[in-house]
Amino acid sequence: MIFRIHEIEVIDNPHFGCCVFNLTNKNLEGWQIERKDPSREGPYFSVLIGPNGAGKSNALQLIINIFRELSFLQKNGTRGYFVVGGFSIVYEIGSVTYRFGNILYDDGVKRVVEISNKAKVRGAWWLHDWSDRKGEPRAYTDLHLPFNLLVSAQLISDKFPYLSDTSFPGYTYLGIRNGKTTAGTRSLVKRTVDIIIKALEEPFLKYMITRSAEFLGADQITVKYKILQRGRFFSGTTTENSFGQWYGDPPKEISTREKWYYNNFDKYSANKGFFNRLATYCNEIILNETHFQPYRDEEHPNALRYSFTENSDIQKHAVYIKALYELGIISYPVIGLENTAGSYDLTESSSGEYNFLTSILSIASSLRSQSLVLIDEPEISLHPNWQMRYFSFLRRVFSDFPDCHFIICTHSHFLISDLPGDQSKILSMSRKTKESHSEKEIKKSPILVKRINAKTTFGWSAEQVLLDVFDVPTTRNFYIAERLSEILKKASASKNVDLSEYREELIKWYNTLQPNDPLHYTIEQILKRSKWLD
């Protein structure tokens with residue numbers, strides 16, 4: 001039972017004009033889709049590459065809006081018009097492949113129609129007949145959607161909607177923003193911690209946390225909360241009256257934040273006996289010396305500390321931790337990394353560690369079978385060594401989710417060199433130019449989407465990926481091109497010129513460059529002319 005998006009087509013789209021995205025290796029010609037059990041090596045990866053401005057992030061946004069359209073239709077019976085122009089999507093869930101959209105094929109001519117629940121307007125197809133594109137018309141209410149749609153991004157300026165589960169069930173935004181217009185690293189860490197705590201009893205998540213720690217070279221991943229009111233509530237003699245004495249009579253002049261604390265006190269007071277239980281928790285923390293440690297902050301020298309890798313007490317204590325935070329007794333959470341060399345907070349670490357950990361653990365906490373995961377530029381701030389291991393890490397830790405589909409946008413050639421060919425597809429996106437296309441072509445389809453024909457890029461060198469996948473010559477290519485230009489200029493001056501001083505250099509380049517590199521052919525001709533090839 002798998003989930004795969006095979007194809008997306010748009011017409012008159014404001015970003016893409018008219019184009020087709022083939023996101024898997026399946027051949028949809030005649031709708032002949034080969035069926036086989038998914039590999040146990042992990043999910044399927046569709047990777048979108050291309051220069052800035054090519055529309056990679058817009059492509060992810062398009063996918064979100066298409067499924068948002070389907071979800072809205074099923075819930076409300078009307079269109080939400082989240083997608084402008086004509087669109088069509090072919091995706092597979094389990095043993096059924098669906099084609100949905102407002103593009104009608106009429107004797108080979110495509111036209112946009114209004115989506116309707118009437119069978120005569122084919123807004124949706126449930127494909128049983130693979131011989132043509134007609135199939136058996138069904139209502140959009142018959143469509144099945146992916147279990148979850150997870151969106152991960154580490155840029156404040158990401159293009160993805162921040163939506164509630166009620167407006168788009170199954171959609172989870174895992175980016176850095178904490179609202180439609182606001183963003184912050186603190187809120188991202190807190191949201192990540194909350195997600196982890198909620199799912200911590202899942203064996204898979206414990207495994208993920210351990211593997212993530214290993215990836216970052218840490219022994220443990222912890223969460224800490226600075227204690228802001230130790231003397232008042234962590235003396236070992238706290239009672240329920242301690243809370244009433246502190247919050248029972250608020251001053252006339254208080255800040256908005258302090259008002260929130262007093263309102264929360266009233267909320268928890270309605271829960272009979274809660275403050276007695278909370279006082280017991282605070283006392284046990286001190287008397288048993290559990291989850292209590294010094295903190296490197298002169299103003300707040302102590303903290304609550306829980307390990308995500310050692311135990312799951314934090315889930316049992318989560319209700320009390322949340323209350324202490326909402327009462328202003330402890331700070332927002334801080335994720336920490338610990339190893340034999342010491343410990344440090346994630347906010348003090350490199351942005352690469354921060355981005356990797358918050359992204360991976362958020363995805364792992366929310367991922368379910370038959371889910372769609374969209375990741376925008378995961379390489380941000382990651383060291384090249386980590387980039388080269390990124391896909392192998394995903395394949396290993398998500399090996400139990402071969403029925404999921406990951407679609408990833410990247411600029412990184414290091415990521416591509418770790419991509420398995422049998423479970424992946426690379427699409428190159430670029431903006432058409434007047435030099436290579438007519439005004440009419442550009443207006444109809446400003447973006448060029450083409451598949452990379454390499455069967456696999458796994459194990460390729462960085463230089464080969466840059467040249468053959470990203471179509472970018474490396475600095476080495478530039479250097480060799482300049483040197484070759486000098487040699488060819490000298491050789492053209494006379495038929496009898498002696499090039500022996502360049503022999504060793506030319507042979508070295510010939511043995512190093514890939515055979516499909518244009519410079520390799522040029523060097524080969526020089527070596528043949530000089531009779532230096534064996």
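Reader: How many bridges join β10 to β17?

Author: This is a predicted model, in which local features need pLDDT of at least 70, side-chain atom pairs count only at pLDDT 80 or more, and totals for chains, interfaces and linings use all residues. Residues are numbered from 1 along each chain as its sequence is written, and side-chain values use heavy atoms, with hydrogens and water left out. Strands (E, at least two residues) and helices (H or I, at least four) are DSSP runs numbered from the N terminus, and two strands pair if DSSP finds at least two bridges between them. β10 and β17 run parallel, and the number of bridges that join them is five.

Reader: Which residue of β17 is the bridge partner of Ser152?

Author: Strand β10 comprises residues 149-153, and β17 comprises residues 372-376. The bridge partner of Ser152 in β17 is Ile375.

Reader: Which residue of β11 is the bridge partner of Leu150?

Author: Strand β10 is also joined to β11, by three bridges, and these two strands run parallel. Within β11, Leu150 has as its bridge partner Thr172.

Reader: Which strands are the edge strands of the sheet?

Author: The sheet is open and has seven strands with mixed pairing, in the order β11-β10-β17-β18-β3-β19-β20. An edge strand here pairs on one side only, and this holds for two strands, with residues 171-173 and 447-451 respectively: β11 and β20.

Reader: What is the average twist from one strand to the next?

Author: Angles run from 0 to 180 degrees between the N-to-C directions of axes, which are lines fitted to C-alpha atoms, for helices over the stretch in contact. From one strand to the next, the twist averages 15°.

Reader: How many of the five residues of β17 are buried?

Author: Both faces of β17 are covered, with Leu372, Leu374 and Asp376 on one side and Val373 and Ile375 on the other. Buried means under 20% relative accessible area, exposed over 50%, and partly exposed in between (1.4 Å probe, protein chains only). β17 is largely enclosed by the rest of the structure, because the buried residues among its five number five.

Reader: Through which helix does the chain cross from β17 to β18?

Author: β17 and β18 run parallel and are joined by five bridges, with Leu372 opposite His405. The β-α-β crossover between them is right-handed, a term used if, with the strands pointing away from the viewer, the path from the first strand over the helix to the second runs clockwise. The helix through which the chain crosses is α11.

Reader: At about what angle does α11 run to β3?

Author: Helix α11 (residues 384-397) lies across β3, β17 and β18. Its direction relative to β3 is about 155°.

Reader: Which residues of β18 point the opposite way from His405, Ile407 and Cys409?

Author: β18 is mostly covered, with five of its five residues buried. His405, Ile407 and Cys409 point one way, and the other way point Phe406 and Ile408.

Reader: Which residue of β18 is the bridge partner of Val47?

Author: β3 and β18 run parallel and are joined by five bridges. In β18, Val47 has as its bridge partner Ile408.

Reader: Which residues of α16 are buried?

Author: Helix α16 spans residues 503-512, and on its other side Glu504, Lys508 and Asn511 are exposed.

Reader: How far apart in space are Arg186 and Tyr332, C-alpha to C-alpha?

Author: Arg186 belongs to helix α2 (residues 185-199) and is exposed, with a relative accessible area of 54%. Arg186 and Tyr332 are 146 residues apart in sequence, and in space their C-alpha to C-alpha distance is 7.4 Å.

Methods. Contact = heavy atoms within 4.5 Å.
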